Amino acid sequence: MDAKSIVELNPKVKLNNGQLIPQVGLGVYKVAGESAEPLILSAFEAGYRRIDTAAFYGNEPEVGAAVRNSGLPREEIFVATKIWKDDHGYERALNAIDESLARLDIDYIDMLLIHWPSPALGKFVETWAALEKSLESGGVRGIGVSNFQPDHLATLISAGGTVPAINQVELHPGFHQAEVRAANDAHGILTEAWSPLARGRFNEDPVIESIMAKHNRSATQVIVRWHVQLGNLVIPKTATASRLQGNISVFDFELDETDMDAIAGLDAGLRTGPNPDEF
Ligand SMILES: NC(=O)c1ccc[n+]([C@@H]2O[C@H](COP(=O)([O-])OP(=O)(O)OC[C@H]3O[C@@H](n4cnc5c(N)ncnc54)[C@H](OP(=O)(O)O)[C@@H]3O)[C@@H](O)[C@H]2O)c1
């Protein structure tokens with residue numbers, strides 16, 4: 001697919017706060033140093049309009065530089081970043097938000113997430129109050145969470161205030177997160193998949209390979225397409241510029257019911273990252 005078609009066909013999903021977000025974006029964890037800005041500029045050229053970063057990734061300055069130097073109107077790009085768990089607490093989170101805004105230097109953050117609930121700290125509700133406060137200044141346009149289990153969401157929502165727009169969780173063919181997705185749906189929160197490719201673990205899986213052969217597509221394309229059809233927001237990462245356009249060329253084919261059922265059968269509760277109850 002050419003970049004123009006990708007921009008046009010990448011669905012703009014409406015969040016519960018009214019924001020529109022391109023369904024497929026680029027995750028930039030472990031993309032840092034000199035290569036980060038050129039990679040992100042290449043992503044914009046390839047048709048990406050959404051970048052997922054975090055204070056923890058150490059690349060907010062490069063993400064911001066790429067946005068500023070892209071030549072694209074700021075409002076065409078959607079940037080999400082996240083507050084790390086060391087910055088839980090009302091005042092600390094407010095400072096961390098100011099620091100992210102300064103590092104990015106792009107006028108505003110489209111979406112700000114609490115990176116981990118870290119329940120042992122007991123501070124995600126007051127951290128959330130800081131995110132709510134940041135909406136008032138205009139420096140942050142939307143707020144959400146990441147790695148929240150259903151009981152964390154219930155605690156946050158029962159405290160009153162803003163319902164998160166997004167819950168970004170580990171989700172891939174080996175880990176479908178049915179309970180988290182159901183809880184998100186019940187609250188009107190959009191589910192976003194991190195490690196959506198399970199970092200390549202399914203590239204040689206026989207089920208994925210048979211779907212690849214049937215549609216003449218790569219493993220990455222099959223998996224990203226699966227996320228799109230499930231309704232997930234999805235942020236496949238690549239640090240390899242030549243893979244950017246292919247990874248997002250998923251709007252000109254469709255998985256059928258047999259394909260979706262076959263991938264449903266791969267769910268094995270395969271959590272590859274930390275358990276949010278413990279981290
Ligand atoms: N909220 C959270 O706690 C959290 C946690 C983890 C990740 N995330 C977010 O989710 C994003 C994606 O997750 P992730 O980075 O963990 O992993 P991922 O997207 O599941 O997989 C990335 C891996 O797949 C490889 N890959 C990508 N395209 C490929 C292709 N066409 N052919 C072969 N290999 C390919 C990449 O290699 P190359 O880079 O070498 O091309 C990289 O090793 C992150 O970047 C980050 O934004 C969030």
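The model is predicted, so local features need pLDDT of at least 70 and side-chain atom pairs count only at pLDDT 80 or more, while totals for chains, interfaces and linings use all residues. Residues are numbered from 1 along each chain as its sequence is written, and side-chain values use heavy atoms, with hydrogens and water left out.

Asp252 sits in the loop between α10 (241–248) and α11 (257–264), and Arg217 in the loop between α8 (206–215) and α9 (219–230), so the pair ties together parts 35 residues apart in sequence. Helices (H or I, at least four residues) and strands (E, at least two) are DSSP runs, numbered from the N terminus. Arg217 counts as buried, at 18% relative accessibility.

Over the whole structure, a search finds 11 salt bridges. For another of them, select Glu192 and Arg50, where the closest N and O atoms are 2.7 Å apart. Glu192 belongs to strand β9 (residues 190–194) and Arg50 to strand β4, so this pair links parts that are 142 residues apart in sequence. Both Glu192 and Arg50 are buried.

Next, select Arg103 and Glu60, whose side chains form a salt bridge of 2.7 Å, N to O. Here helix α4 (residues 90–104) holds Arg103 and helix α3 holds Glu60, so the pair ties together parts 43 residues apart in sequence. Arg103 counts as partly exposed at 32% relative accessibility, and Glu60 as buried at 1%.

The last stop is Tyr57, in the loop between β4 (50–52) and α3 (60–69). An unreviewed UniProt entry lists Tyr57 under "active site"; UniProt positions are given in the numbering used here, feature names are shortened, and annotations may be inferred rather than shown by experiment. Tyr57 counts as buried, at 14% relative accessibility. Show its surroundings: leaving aside neighbours within four places in sequence, Tyr57 is in contact (heavy atoms within 4.5 Å) with Val28, Tyr29, Ala32, Asp52, Lys82 and His115.

Note on methods: Buried < 20%, exposed > 50% of the residue type's maximum accessible area, 1.4 Å probe, protein only. Salt bridge = Lys/Arg side-chain N within 4 Å of Asp/Glu carboxyl O.
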